[in-house]
Amino acid sequence: MLALLGANGAYALFPDCVNGPLKNNTICDTSKSPVERAKALISLYTIEEKINATGSTAPGVPRLGIPGYEWWSEGLHGIAGPYTNFSDSGDYSYSTSFPQPITMGAAFDDELITAVATVISTEARAFNNANRTGLDFWTPNINPFRDPRWGRGQETPGEDPFHLSSYVHALINGLQGDPSDPYKRVVATCKHYAGYDIESWNGNYRYQFDAQISSQDLVEYYLPSFQSCARDSNVGAFMCSYNSLNGVPTCADPYLLQTILREHWGWTNEEQWVTSDCDAIQNVYLPHEWSATREQAVADSLNAGTDIDCGTYYPNHLPAAYDQGLFNESVIDQALIRQYSSLIRLGWFDAPEQQPYRQLDFSAVATKSSQELAYKAAVEGIVLLKNDGVLPLSSFSSLGIFGDWANATEQLLGNYAGQPTYLHSPLWAAQRLNTTVHYARGPGGQGDPTTNSWLNVWPAAHASDVIIYIGGIDNSVEAEGNDRVSLSWTGAQLDVIGQLASYGKPMIVVQMGGGQIDSSPIVNNPNISALLWGGYPGQDGGVAIMDIIMGKAAPAGRLPLTQYPAKYINEVPMTDMALRPGPNNPGRTYKWYNGSAVFEFGSGLHYTNFSADIISDMKETYDIASLMQACQASNEKYPDRCPFNSEPIQVEVKNTGKRASDYVTLAYLAGEFGPKPYPKKSLVAYQRLFSISSESSGIAKLNLTLGSLSRVDERGNRVLYPGDYSLLIDNGPLAMVNFTLTGEEMVLDEWPQPPKDRKAKGTKEVGKGYFVGGFGSEQSVIE
Ligand SMILES: O=[N+]([O-])c1ccc(O[C@@H]2O[C@@H](CO)[C@H](O)[C@H]2O)cc1
């Protein structure tokens, strides 16, 4: 075995196929396929060694020179995670930390996402070569941001399934590299499959919750991003979730893991594996009480297709399950073939000089271009929501900066962050401008209105020409394990904002945090000139915010989610998973919400104005049978991926104002087709255009597919329906064209129905059977 760079840690070793005991075994023969190599290796393992290899911290098989491997690394917006090892100082003490996905989602720029993911995978390789992280990363989180209370919505690109599917495709390309490359850059893991988006609400916990979701909502809303991962992006791994879905814990559900994932989506490559969320196998036993015993829980999960247990439940309980005959050895072989084939595709077994990534070291980390990309991602994701013309700022001699986020450091990162290269707060950026800056934090964002931290606010405000308040929410309010209980501005913030506004000076509010906050009091206050949303903009977020305020950069991000009024959370329980409006549900997302949003999905202003014109000739009528014939002739395996238009639909976007700016072209379909009720509209394409100067135009090229024209019926089938369609450009809309689809409806994708004998349990009584204890240790249960 060969030690890499001599560092300590879980990644210190990789198998030595040059001089090690297996050098003449097929596992070391690079002319053989990964599966052949993996099979040769595990044929040497005893059943004990096989079982030991099923946990996320795999000990390896020393007698064969197979070192341990830690499967759990994170990479949500930069390398991170419990087993990624940053040094205290110097090399490997930091990496590039990008904005949270909710902010990068607002950029609506897939090329940006691929570039960001490429940096993350490069830095991951450099850290792996120094034995500091793994080769597979448990990212992205692509559960749609369904309910505005969700504490982890910040980890996602937003609420729209088309947007998520496109974003995740771009991301996986950057993380894994081209599928045809002999070696993967790293393996990505699409999580949390599926129906996971509640942390803790009204006595329901992620470990115990049973999400009841119709087939229609599953196919239309909860699963497209996962289909994009599995079917369209060749992702290397999936993670099943804590919750149950329609009565079955997802990690023990052969319908989800076999019928849908592997068979229906064709995710049959032997090097692709499923891990459980951390301790989710334990939860199959308790609190779900799906399996009667611990042994049955591990066997049910392994048999269903969960190949790795994040935790120790498999290694601890599979031996007894094996003795009881609850699983066949071929099932564990299958799991290990997937694991080792994946490691082979990552080059784990091959000599360093054979691989393109083994030479990377710290000089590839936090490069100048990576830092510039983190800044660019932040700028692109910031959204301008209100502006009476005060922005961009000009002619002032002093700035007052207030609020809980004004001097934000770690707050900028959100959760699942590693060690950033630096942390530039808005205050830091303001202090580098050629102006006087007065700063007072004031009462904390989530803060206590009674503290005397108010006192220094007023003199600072008095002395300033322009007032900037930067606040909102952060991970003390929205977090893993912690859903929000209010959509209003927290603590004393509205009070201090109101009093600052009463000075009658130009005033700008910057709303931070991943979940949206009802900002109608700010919108309606005529003394507040401008409102921006920044999400979690990452290590250079403060500079990005100040550059937009000063006009050094132009805002063009769009909200990737709805800003609901605060009363929304009284109108629908978080546990109601339905998207369409019902008696106790006003509907979810911009497609179905029947109330009046404070800001709609896609909202975003500029420092200029744009007009749009659909310049492609579109027919008035399209015949469904002809569309399907063209699709069949193209030999596309999945008809929903067939193009609707043979050439991209071109939209000319003209900057009719005075300042150069990016513009995000959003294209929606609306109309009367398919099952009632009809959604208000659905996003079907988007493209960000860059730096369109005054009086100039850019051309967006939009590719619509048959899938994007389809609707989903109650059984989950994706169908192309006859009816009247409108293609809308932007929220206004700025341009629109109508067309009709004629002929008989056609099924594009027939959804496999759950088996009739599917064992399903109802929702458990809330709060009962919930484990309290640390990761990997089964402790007390709330009875
Ligand atoms: O005990 N812990 O240290 C611990 C930490 C995080 C944790 O969360 C889970 O682990 C992440 C694995 O990628 C999933 O996204 C998340 O649901 C689960 C357990």
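I began with helix H1, residues 34–42, and listed its buried residues: Val-35, Arg-37, Ala-38, Ala-40, Leu-41 and Ile-42. The model is a predicted one. I noted that an arginine, Arg-37, is on the buried list of H1.

Next I asked which helices the buried residues of H1 pack against. I found two names: helix H2 (47–52) and helix H12 (329–345).

I recalled the helical repeat here. An α-helix has 3.6 residues a turn, so residues three or four places apart point the same way.

**Helices H10 and H11**

I then looked up helix H10 (residues 294–304) and helix H11 (residues 313–323). Their axes come within 8 Å. The crossing angle is roughly 105°. How do the two helices lie to one another? H10 is roughly perpendicular to H11, because angles of 65 to 115 degrees fall in that class.

I listed who makes the contact. From H10 I have Arg-294, Glu-295, Val-298, Ala-299, Ser-301 and Leu-302. From H11 I have Tyr-313, Tyr-314, His-317, Leu-318, Ala-320 and Ala-321. Sorted by class, the contact of H10 with H11 holds eight nonpolar, two polar and two charged residues.

**The whole protein**

The secondary structure comes to 22 helices and 32 strands. Along the principal axes, I read a C-alpha span of about 75 × 65 × 55 Å.

What share of the residues is buried? I got 63% of the 783 residues. The protein exposes about 26,900 Å².

**Val-712**

Last, I picked Val-712, which lies in strand S26 (residues 711–712). Is Val-712 buried or exposed? Its relative accessibility is 1%, and buried means under 20%, so Val-712 counts as buried.

I set aside residues up to four places away in sequence and looked for what Val-712 touches. The list reads Gln-216, Val-219, Glu-220, Pro-675, Asn-717 and Arg-718. I also took one distance. Val-712 and Tyr-593 are 119 residues apart along the chain, and their C-alpha atoms are separated by 18 Å.

Technical notes:
Residues numbered from 1 in each chain as written. Predicted model: local features only at pLDDT ≥ 70, side-chain atom pairs only at ≥ 80, totals over all residues. Heavy atoms only, no water. Axes fitted to C-alpha atoms, helices over the stretch in contact; angles between N-to-C directions. Helix = DSSP H or I, 4+ residues; strand = E, 2+ residues; numbered from the N terminus. Parallel < 35°, antiparallel > 145°, perpendicular 65-115°, else oblique. Contact = heavy atoms within 4.5 Å. Nonpolar A, V, L, I, M, F, W, Y, C, P; charged D, E, K, R; others polar. Buried < 20%, exposed > 50% of the residue type's maximum accessible area, 1.4 Å probe, protein only. Areas by Shrake-Rupley, 256 points an atom, 1.4 Å probe, with all protein chains shown as cover.
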